[in-house]
Amino acid sequence: MRTEVGIVGAGPAGLVLAHLLHLRGIDSVVLEARGREYVERRIRAGVLEQGTVDLLDEMGVGERLRREGLVHEGIELQFGGERHRIDFPSLTGGRAITVYGQQEVVKDLIAARIETGRPLLFEVGDVTVNGVETDAPSIGFVHDGERGELRCEFVAGCDGYHGVCRESIPAGVLTEFSREYPFGWLGILAEAPPSNDELIYCYHERGFALHSMRSPTLTRLYLQCRPDEDLDEWPDDRIWDELERRFALEGWMLNRGEIVEKGVTGMRSFVVEPMQFGRLFLAGDAAHIVPPTGAKGLNLAVADVRILADALAAWFEHGDESRLAGYSAEVLRRIWRAEHFSWWMTSMLHRLEGGDAFDVKLQLAQLAYVASSPRAAASLAENYVGLERV
Ligand code: APR
Ligand code: PHB
């Protein structure tokens, strides 16, 4: 098998890259470890920056997103028994975000890929990345019980945090930067209408809580918990009671419904530099992780591959190597901005284990500043909707 770009992973990074390359007449093969059903069902993030929506639209995959996505012009911050709205358009020159599940984006992208007739292989095993230091890299894999080899000009490592591409780079090449947080999120998806029109980021002495949604009938809710929290200790009633305590506000009610999904996610910040080794380029979660508090993960993955697609096109169309050489440094500017924003939101909003009364006072002072100063609010807002230039 031969192609121009071998793409490992059919998450948002791999699928957006494949489609951007297709639109420029560049051939690729996408190899995905899981089955189609699994990747289309996996519940992940749900906030799309304006720039992400615009790109999906320009690519011709934004039709359902425009129809079903929920445009949000603000979020609410709750602390000290009050809610404060951060209004995006007035603070960012008219920008907003769209709430639309990551798995819906993935479904739309898979449908678009299949439409192109270019290859997307599911349930691929034993992936190995070879010869990326030469002009003739290849990817070894097993599909339908048969061993295959994909020869290509470049390999795109879009295989997420647990993928094989980053791991295939020899020791000593990459520098890792990371931070673990001593808490996680217990997340639920419930068949209940959202209890508020907008997302609520809630600071509470019992821990952070987040109210989000997927549609007019589906609510997504999160509670700060231990990173290794045992779900067996959380029957549905306990989850609802805890959510109610944290979101409690005079005259407001939390809608309950059947919980259709429940899970615990740990939180970490992680970056590797550089995001390239020879002809292997890393993009998305394969190279960086943010804690979900800033809602940046999916948007960063898309921002990476937009630049990677341009750089690859410059090489295929004009033999220009400079864009590829500059890829890592270019995308890392946005990544580090998002790393800071996500760490900042996380630190401001979570109950810090081992923290003392002084920490709490600092968090409340910061929240009060963001809620009362248009300049402080504008900084949160422009990062949240996505910076046009970094
Ligand atoms: N071979 C082939 N595919 C693999 C392999 C492998 N060895 N290992 C992992 N994969 C696949 C995974 O099954 C997954 O479908 O790579 C894909 C990576 O997709 P994501 O994890 O969604 O990563 P990415 O495309 O970078 O998107 C980042 O995902 O985790 C969220 O919050 C994060 O929203 C962000 C987004
Ligand atoms: C979500 O809807 O899943 C969601 C929203 C905002 C976040 C994180 C997750 O910051």
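Student: Which residue stands opposite Ile75 in β14?

Tutor: Leu199 of β14 stands opposite Ile75. The model is predicted, so local features need pLDDT of at least 70 and side-chain atom pairs pLDDT 80 or more, while totals for chains, interfaces and linings use all residues. Residues are numbered from 1 along each chain as its sequence is written, chains are lettered from A and ligands numbered from 1 in written order, and side-chain values use heavy atoms, without hydrogens and water.

Student: What makes β5 and β14 a pair?

Tutor: Strands (E, at least two residues) and helices (H or I, at least four) are DSSP runs, numbered from the N terminus. Two strands pair if DSSP finds at least two bridges between them. β5 (residues 74-79) and β14 (residues 199-202) have four bridges and run parallel, so they meet that definition.

Student: How many bridges join β5 to β6, and in which direction do they run?

Tutor: Six bridges, antiparallel, join β5 to β6 (residues 82-87). Glu76 has Arg85 opposite in β6. The two strands form a hairpin with two residues between them. In the turn, Gly80 has a positive phi of about 55°.

Student: What makes β5 mostly covered?

Tutor: Buried means under 20% relative accessible area, exposed over 50%, partly exposed in between (1.4 Å probe, protein chains only). In β5, six of six residues are buried. Gly74, Glu76 and Gln78 point one way, Ile75, Leu77 and Phe79 the other, and all are buried.

Student: Why does Thr92 count as buried?

Tutor: Thr92 has 15% relative accessibility, so Thr92 counts as buried. Thr92 belongs to helix α5 (residues 88-92).

Student: What does the side chain of Thr92 reach, and at what distance?

Tutor: The backbone nitrogen of Arg95, at 3.1 Å. A polar atom of the Thr92 side chain also lies 2.7 Å from the backbone oxygen of Phe88.

Student: Why is the approach of Ser269 and Tyr181 called a polar contact?

Tutor: A polar contact is a pair of N or O atoms within 3.5 Å; within protein, one must be able to donate a hydrogen and the other to accept it, and residues adjacent in sequence count only if both atoms are side-chain atoms. The side chains of Ser269 and Tyr181 make such a contact at 2.6 Å. Ser269 sits in strand β17 (residues 258-273). At 8% relative accessibility, Ser269 counts as buried.

Student: Why do β8 and β18 stand at the edges?

Tutor: Six strands form an open, mixed sheet in the order β8-β2-β1-β12-β19-β18. β8 (120-121) and β18 (276-277) each have a single partner strand, so one side of each lacks a neighbour in the sheet. Within the sheet, β12 (residues 154-157) and β19 (residues 280-282) run parallel, joined by three bridges. Ala156 has Phe281 of β19 as bridge partner.

Student: How do you know that the span of α8 agrees with its length?

Tutor: The expected span is 1.5 Å times one less than the number of residues. For the 22 residues of α8 (residues 297-318) that gives 32 Å, and the end C-alpha atoms are 32 Å apart, which agrees. In α8, 16 of 22 residues are buried. Just after α8, Gly319 takes a positive phi of about 65°.

Student: What is the volume of the second largest pocket?

Tutor: About 530 Å³. Among the residues closest to its centre are Ala303, Arg334 and Leu387. α8 gives the most to its lining, six residues.

Student: How does the lining of the second largest pocket divide by class?

Tutor: Ala, Val, Leu, Ile, Met, Phe, Trp, Tyr, Cys and Pro count as nonpolar, Asp, Glu, Lys and Arg as charged, and the others, Gly among them, as polar. The pocket lining has six nonpolar, four polar and eleven charged residues.

Key: On a 1 Å grid over the protein atoms alone, a cavity is a set of points where a 1.4 Å probe fits but cannot get out, and a pocket is an open set with protein on both sides within 12 Å along at least five of seven lines; lining residues have an atom within 4 Å of a point. Grid points are joined across faces, edges and corners, and a volume is the space filled by probe spheres set on the points.
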